[in-house]
Amino acid sequence: MTQAMTSSTPMPTQTTTEMAYHEGRFCPFSEANISIKTHAFLYGTAIFEGIRGYWLPASEEVCLFRLREHYQRLLDNTKLYYLKPTRPTEQTVEGLIDLTTQLVTLNQHQQDIYVRPSIYKTGLNITPSLENTQTELCIWTHPLGQYLDLTKGLKVCVSNWRRIDDNALPPRAKASANYLNTALMVTDSKAAGFDDAIALNPDGTVSEGSAMNLFLVRHGKLITPAKTDNILEGITRDTIVTIAKNELGIDTEQRSVDRTELYMCDEAFFCGTGAQVAPIASVDNRTIGDGTMGPITQQIQDLYFRVVRNELPQYSHWCTRVHVPSQNHSPVGV
Ligand code: PMP
């Protein structure tokens, strides 16, 4: 991890106020505001990442998991939506990593955190067109614990909302507007008494969870919808395919998945940066396995938490560690 400052970025100092990166500088969170005429607010013209940082008490470090891959995905997404950030530091993975590690240092988090960078259209033009509008980057951080239940198994349904399609609102890009689709699914699944939902594609095959990827286990093998099935190409999904193969010798079939496979699998789980590895107990009231976390899901969850906390040296290249020593520690927001 490099702490080098880039010449264009104002030098941050240690602070007891929650800080954000906004319009090219580090500033108090309360000053990181945007106009009600902002293009991204009017039309959803923004892309973002959700990145987790895990607190490692023994070494007093925040371990930012797969920061490089998150920023590579963000920069890849800029091509689709003509969202090239303004300043040179904001245009490279290295520059974005530098800005993020500086912000985490400034905010002095000594707990698990979530890092939320967005690149968005800020121009005040009235049409939805993506050209000739000003683009900005902002980053904020926040403490974040468990997002979904990770032990007892989720009670999920198949959503009656379909997944957005590659030729309409491409799920491959992590665009803010996509999350209206997620919001419909999640809201209605909860109203119907479920914990969350699985989305089907316009053709009726399985896509993913509302805001997470989906794995099934059948006959000892992992199955997950293909990258061409209107999914976000999840970084956790890739992590699981990799560690299942390398550490457990389990292959993953990446292919179209029929709805009925959901009801007949032996185990199922969601995965994602926020979701981590969350077992599914039932789909549409049909119990998966014996309704508790299955043995392969358990092994993958255990491994996952070791990997993200930098406990397996063969994956330490996925961990960007930021030192937050106790003698400097003064939690933000006080
Ligand atoms: N699908 C969607 C729609 C998501 O929002 C997320 C969360 N980012 C994921 C999948 C999982 O992606 P990742 O593992 O990269 O967080």
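Reply: Arg172 has a relative accessibility of 31% and counts as partly exposed. The model is a predicted one. The partner of Arg172 is Glu233, and the closest N and O atoms of this salt bridge are 2.7 Å apart. Glu233 is partly exposed too, with a relative accessible area of 29%. The pair links distant parts of the chain, 61 residues apart. Arg172 is in the loop between strand S8 (154–162) and helix H4 (179–191), while Glu233 is in the loop between strand S12 (221–224) and helix H5 (235–248).

The count of salt bridges comes to 17. One of the others joins Arg259 and Asp284, with 3.3 Å between the closest N and O atoms. Arg259 belongs to helix H6 (residues 259–264) and Asp284 to the loop between strand S15 (276–283) and strand S16 (286–287), so this bridge ties together parts 25 residues apart in sequence. Arg259 is partly exposed at 35%, whereas Asp284 is buried, because its relative accessible area is 15% and buried means under 20%.

Nonpolar residues make up another part of the picture. The largest nonpolar core has 49 residues, and Leu262, Phe270 and Val283 have the most contacts inside it. Domain 1 (19–145 + 313–323) and domain 2 (154–292) both give residues to this core, so the core lies between them. Leaving aside neighbours within four places in sequence, Val283 is in contact with Val156, Val158, Ile198, Leu262, Tyr263 and Ile288.

Notes
Residues are numbered from 1 along each chain as its sequence is written. This is a predicted model: local features need pLDDT of at least 70, side-chain atom pairs count only at pLDDT 80 or more; totals for chains, interfaces and linings use all residues. Side-chain values use heavy atoms; hydrogens and water are left out. A nonpolar core is a set of buried Ala, Val, Leu, Ile, Met, Phe, Trp, Tyr and Cys residues joined through side-chain atoms within 4.5 Å. Buried means under 20% relative accessible area, exposed over 50%, partly exposed in between (1.4 Å probe, protein chains only). Domain bounds come from an automatic or database domain assignment. Contact means heavy atoms within 4.5 Å. A salt bridge is a side-chain nitrogen of Lys or Arg within 4 Å of a carboxyl oxygen of Asp or Glu. Helices (H or I, at least four residues) and strands (E, at least two) are DSSP runs, numbered from the N terminus.
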